[in-house]
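Open the model in your viewer and keep the selection tool at hand. The tour makes two stops.

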Amino acid sequence: MNHDEIKSVVQEKFLSSERVTAFLCDAKVLHPDWVKKDRLLAIVEFGDEKAVFCLFTSCYPPKSFTDLSIEIVLPIDKSFKCEIDNKPSDPEAILYLNLQSRNNKYKFEIQMTPRVDNFVDDLFRGIEAVNNVPTQPEFVWLKKYHGRNDNDILTHTMVLPGGVPHTQSSAPVAIRESLIKHKMSDKEYEYTFTKRFTIFCGTWNVNDKSPVIPLKGWLSIDKEPPDIYAVGFQELDLSKETFLFDQTMREDEWYNAVINYVDKRAKYVKVEKVRLVGMMLIILIKEKHFSHVRNVVCDTVGTGIMGKMGNKGGVSIRFDLHSTSLCFVNSHLAAHVEEYERRNQDFRDICNRTRFIQPNQLPKGIKDHDHIYWLGDLNYRITELDPTTVKKLVNNNDFGPVLEWDQLKQQHKCNNVFAGYIEGDIMFKPTYKYDPGTDNWDSSEKNRAPAWCDRIFWKGDKIVQLAYRSHPSLNISDHKPVSAIFNSAIKIIDEEKYRKVYEEVIKQLDKMENELIPQVKVDRTEIDFGTVQYLELQVRTITITNIGKLPVEFEFIKKLDEASFCKEWLIVEPYKKCICAEETCEIQLKVLINKTSACKMNAGTDKLYDILVLHLYGGKDIFITINGTYQRSSFGCSIEVLVNLNMPIKEVPVGKLIELENKRDQCVSNQSTYSIPKEIWFLVDHIYLHGLKEPNLFEQPGFHSEILQIRDWLDNGSVDPIPGSIHSVAEALLLLLESTADPIIPYNLQSVCLRASANYLQCKQIVMELPEFRKNVFLYLCEFLQEALQHSAENGLDSKTLSTLFGAIFLRDNPNQIQEPQSRINKQVIDKKKAQFVYHFLVNDHSDLIFSR
Amino acid sequence: MGVGKSCLLHQFTDKKFMADCPHTIGVEFGTRIIEVAGQKIKLQIWDTAGQERFRAVTRSYYRGAAGALMVYDITRRSTYNHLSSWLTDTRNLTNPSTVIFLIGNKSDLDAQRDVTYEEAKQFADENGLMFVEASAKTGQNVEEAFLETAKKIYQSIQDGRLDLNAAESGVQHKPASPGRPLAAPPAARDNCAC
Ligand SMILES: Nc1nc2c(ncn2[C@@H]2O[C@H](COP(=O)(O)OP(=O)(O)O)[C@@H](O)[C@H]2O)c(=O)[nH]1
Ligand SMILES: [Mg+2]
């Protein structure tokens, strides 16, 4: 497939309005995974906007657009950056392309080819264009390529059963962390037990008074000292200074008063204290629990004038006690009798605006806690009953009918405020409004109905309210203090059990991760080709089955310091592919020993043995061992060796053959058996006797099977006549001559020959100086060819055709020499010269050379 | 019979003894995330085929290992005798800072012991290797061997002996997501003597 054909396949992956302007086939993604993955890069244009696409291709070259899947999309916008480096060790050949778009960084390794220039030019044109327009392009057309969950994205972002993205090679430690957290909270009941704590919540609007009376009657009247105190005050200080500058002496006065009057039977320490203008919240805890208190954070929200000032609002403290998160809120909501809507709004504002900020964590709101206790002067009133009736009823402790008209009860019931919270039954007199210093209802002109302004709500599992009451004896304010006692279940982690469950979870995750490593089954890892003969293709198949849960991409990869992933005599098809889960792929392994590999086998520099590395991307490597015995043949032997073999090659011990091959340079005539290889003589003689008049001699091909029979006849030795047709014998002769370890005219003389080709005398001179046995073969063959030309009337040969044919055989190109890319014209000139060289010897009498021996 | 490399890896990653572990023909790997000095580290452990005939191929896998675990079988002296040649390979093909740990496996088969602890310990000391006897079967010392290796790698990173930026350090730094601690997952390789 050529470049344009591939391009049209890539183009099909996109809409026709999205034009592929440049692409590169052999890019390797390095960063972010540092696994070299082969990918195709394409620049795609839509209107004025361009983007770089990185595509995975399941086979190479891609045959249809279904072989391609889009992995990465990088819009070329103003944030797009491209930097190019060369590979320091190989600056000519390898280039690194660093692309950055919207904080995603990728690094690609690219082979230098002329195509790269086009690609990079196009890329920079795109960058230039986008930076020349004032507005940021929108890339609406890219939306469809982002965040796809179908197979396209699978190879890139694998999906864990829990729906968590997972890339094999990049350690998703952070994702894993949250997965662990999630799993651990699922199993919480396995490693936690609960312990009950008593919690005292108190609230008092002190109406700008100092603590001139003891607080014992409020804070310390229960049978047992509570584990926690949460005490809230409102209207600590109504002075302008406090309101404007948020400074007051009262803070310490009231704090010290609380410290002084908490239950003396236990020792308490402060968890936290927070104040905003007149609102203060104090949390104390029994000293013995203090070490289990963590992450104490507080926040304040003003909802007063302009929705900001702190004369109204809420102050909150949160902390973790063992494994339960607790939140306490003390609020003073909007005043004014009718304005319950305003109070509802204050509640919502406090909920929405309270933010507990902790380092390295998402901010928490009030609702993000296991237990919430909300106390304060909530300021809801009784408006629908006349004050005299209210007073009469409450004086008789007949609260029911009055509470029915309590704004808060009504709003709570409609879920307009404190939705999800609970309030205990109210069995105490309204706490507002009294004449300070007395238990008498407010005697001022306003004549309002008494109300339960001061309240306590809670939310959370396993919380029981033990008491809810007011404390009328504390009468310095126009409000009475209120308190509630809760018995709350606090979760405690059993460290021992926690560790066990944690380890279990970790183990599960490790197992899951290890299971996601691509898994395949290969039906065999040792392939024995048995006996392999020259030019006889042998095929074996291995089957790879993907037994994992995800698609697997495999590739045979190179071993250390090797140029190719397998030996030259082996063909592996396909050598890379993607196999879907539970599917199989058959891989054909083909061995063919041809002229190049045969001489190495004969000389013992190579053998039929190889280990292939089958690599699974993101997974293991499997070694496939290839084994076989090469049946040595006269094809692929050097002329110097053949002239020394006085028996069929099959009878020559392997070691002996290797030895001869390695000493072939020292071969001299007087010790050698033949002057030319007997195999050549057999074939030539056969044609000489039976085929000189054969039409189309040397032009019509023989049959492969007959050639193999002739090979065996030569290699095994036989008294039978040579099998096969004259054409097969003629082709076998050509193959034999072509496969000799060294060409008949040594490689180093080739250029001399080409230069001399126009001059018969010089050519003769060169032939005179050839190594002895090569010269023999050369002259012998030329003699034979002259003979054949005598019968051109019958066999149709002409000296031009023959000299071209044999020119290429006598003057073989050196396969090991890295060839300058030859132009077609250049090659024609060389071929002509080769023919010309041989031509002299087909038309001139050179018996003088033969006799000079 | 193998010295138990694959079993050690399974014991470490799955906490199980795979008595009938198939022969390793190639290079497999397992991963586990561990904690060293409060840091989460992802270990990627390569388990190579130990057979002599694969030795030339498995050499390609040493490159870039941050650590190597060499294993012999305490019940077969021949596996112990091979150690020096494996060690030579390991030293030649890895960084000087690569941590090498020697494990004498199958310590549960004390009755059939063929190599004493003292002898191997001396070999380890002479060659600057860390050493324990372990059993993939009972799990004894398996965790320790891998964790010690990881710890040592971590220390090398801390005191700068192992250059994280070198492409072949075998250690990758992952950028921390906001508010998360760093994670540096090193790769350890499991070599063999059998
Ligand atoms: N008794 C005992 N046997 C073990 C232990 N470790 C491995 N084996 C056995 O040794 C054999 C080879 O183990 P394997 O892990 O495949 O060796 P490898 O070739 O080095 O990977 C298996 O039959 C295991 O059951 C061990 O600690 N104790
Ligand atoms: Mg193994």
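Select A:E49 and show what surrounds it. Apart from its neighbours within four places in sequence, A:E49 is in contact (heavy atoms within 4.5 Å) with A:V44, A:P137, A:E138, A:F139, A:V140 and A:W141. This is a predicted model, where local features need pLDDT of at least 70 and side-chain atom pairs count only at pLDDT 80 or more, while totals for chains, interfaces and linings use all residues. Residues are numbered from 1 along each chain as its sequence is written, chains are lettered from A and ligands numbered from 1 in the order in which they are written, and side-chain values use heavy atoms, with hydrogens and water left out.

Is A:E49 buried or exposed? A:E49 counts as buried because its relative accessibility is 16%; buried means under 20% relative accessible area, with a 1.4 Å probe and protein chains only.

Now display the side chain of A:E49. A polar contact, 2.9 Å, joins it to the side chain of A:W141. The term stands for a pair of N or O atoms within 3.5 Å; within protein, one must be able to donate a hydrogen and the other to accept it, and residues adjacent in sequence count only if both atoms are side-chain atoms. The side chain of A:E49 also reaches the backbone nitrogen of A:F139, at 3.1 Å.

Next, select ligand 1 and move to chain B. An oxygen atom of ligand 1 lies 2.8 Å from a polar side-chain atom of B:K5. For B:S6, a side-chain N or O atom is 2.9 Å from an oxygen atom of ligand 1. At B:G4, a backbone N or O atom lies 2.9 Å from a ligand 1 oxygen atom.

Terms used
Buried means under 20% relative accessible area, exposed over 50%, partly exposed in between (1.4 Å probe, protein chains only).
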